[in-house]
Amino acid sequence: MKIEAITLREIRMPLVHFFETSFGRTYHRRILLLTVHDDGAEGWGESVVGENPFYSSEWIESAWPTFTTYLIPALLGEDIASGRECPAVFARVRGHRMAKAALENAVWHLESAQKQLPLWKLLGGTRREIACGVSIGIQDSVEQLFEKIQIEIAAGYRRIKVKVKPGWDVNILERIRSRWADVTLSCDANSAYTLDNLEHLREFEQFNLLMIEQPLWDDDIYYHARLQKEFRTAICLDESIVSARSAAFAAETGACRIINIKVGRVGGFSEALRIHDLCRSHKIPVWCGGMLETGIGRSHNIALSTLANFSLPGDVSASKRYWKEDIIDPEVEVSANGMIAIADAPVTGYRIRTDLIEQLTVRKETFRVK
Ligand code: OSB
Ligand code: MG
């Protein structure tokens, strides 16, 4: 593949319902899309940077100049055989993993388009359907939360995850368990606690949770290891796992029993695959996290989830939970038993609605080889 041109753009899409975590509430998404061009073929990638630097230090306004000043010039004109070569192309730039991932994944997408192969096969996946869970944000009231949980259980989702924070945690989990004693339930704190909350966190143990996701600091592994040693409930790390090396550190120190892989957080498909393989060798099951993606990022998450060690339901759910109208056709649908069927079609199996994307675009720059 010779990368002849790269397009960077921002699109804006309102969520059908706000999404609230311990770090804040989102109503509208601002999303960066990348397109890499080679000889009439296109590859698309979505950056999962947020509207603010609250989940991670990267955000949309740090990503834009990182793309235009460093990452796009580094990739433009390169002759590469696979997305696997992207980390070396971007190696001088420290961090900025979410930005790197969008470009690397666009290259994988382009390769599958040129070879007319399903992306999931290119990644080494084997599953013909994947299991889905949902992540339900903090709501204005317990009644509103119950209504949401009820809808998702009825829709067939295989795991309910609720967001927690101090003041919306033990009280909420207790109410959920008294209504749904057996549902597969987990919680995600997005780093809302410290070791000062240890005794309070212990109360989570009574709710038979599948896991407690990222209870402590976003960059911590050591203190999660201390917590995991004392806890029966599995700890799952999200924010702290940014590379195969941090996953190895977590595995070797016993900081978690489950890992959430987000391809954006770790810098792209090649690093995600390395984490997947490393976790398998340590017998740590993984699942695919979500970042409120449009259909482009979502279809990439689906492809990644076909790998063998993605053995727990992911935060990969139907388009209609997020968007009035998604930018792919067909939209992502989940069956009544909580599964997404994997198509044998080339690339992702979902057509990108370029006309709709143009309408949603608020800024765009194209870079060409001179
Ligand atoms: O921690 O998993 C998280 C959304 C934005 C930022 C962080 C997280 C999330 C989710 C949503 O939980 C998952 C999804 O439905 O896409
Ligand atoms: Mg999380």
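**Helix α9 and beyond**

Q: Which residues of helix α9 (residues 244–253) are buried?
A: In this predicted model, the buried residues of α9 are A244, S246, A247, A248, A250 and A251. Buried means under 20% relative accessible area, exposed means over 50%, and partly exposed is in between (1.4 Å probe, protein chains only). Helices are DSSP runs of H or I with at least four residues, strands are E runs of at least two, and both are numbered from the N terminus.

Q: What covers the buried residues of α9?
A: The cover includes β9 (235–237), β10 (258–261) and α10 (269–281).

Q: And what follows α9?
A: G254, with a positive phi near 70°.

Q: What are the ground rules for the numbers?
A: Residues count from 1 along each chain as its sequence is written, chains are lettered from A and ligands numbered from 1 in the order written. Local features need pLDDT of at least 70, side-chain atom pairs count only at pLDDT 80 or more, totals for chains, interfaces and linings use all residues, and side-chain values use heavy atoms, with hydrogens and water left out.

Q: New topic. What domains does the assignment give?
A: Domain 1 (5–116 + 354–368) and domain 2 (121–341). The bounds come from an automatic or database domain assignment. Their C-alpha centres lie 23 Å apart. Contact means heavy atoms within 4.5 Å.

Q: Why does ligand 1 lie between the domains?
A: Because domain 1 and domain 2 both give residues to the shell around ligand 1.

Q: Which residues come nearest to ligand 1?
A: S135, D188, N190, L292 and Y322, of the 16 around ligand 1. Near means that a heavy atom of the residue lies within 4 Å.

Q: How does L292 meet ligand 1?
A: Through its backbone: an N or O atom there lies 2.9 Å from an oxygen atom of ligand 1. The protein buries 97% of the 390 Å² that ligand 1 exposes when taken alone. Those areas come from the Shrake-Rupley method with a 1.4 Å probe; for residues, only the protein chains shown count as cover.

Q: Last one: is T68 buried or exposed?
A: T68 counts as buried, because its relative accessibility is 19%. T68 is found in helix α1 (residues 60–75). Leaving aside neighbours within four places in sequence, T68 is in contact with L8, P73, E365 and F367.

Technical notes:
A polar contact is a pair of N or O atoms within 3.5 Å; within protein, one must be able to donate a hydrogen and the other to accept it, and residues adjacent in sequence count only if both atoms are side-chain atoms.
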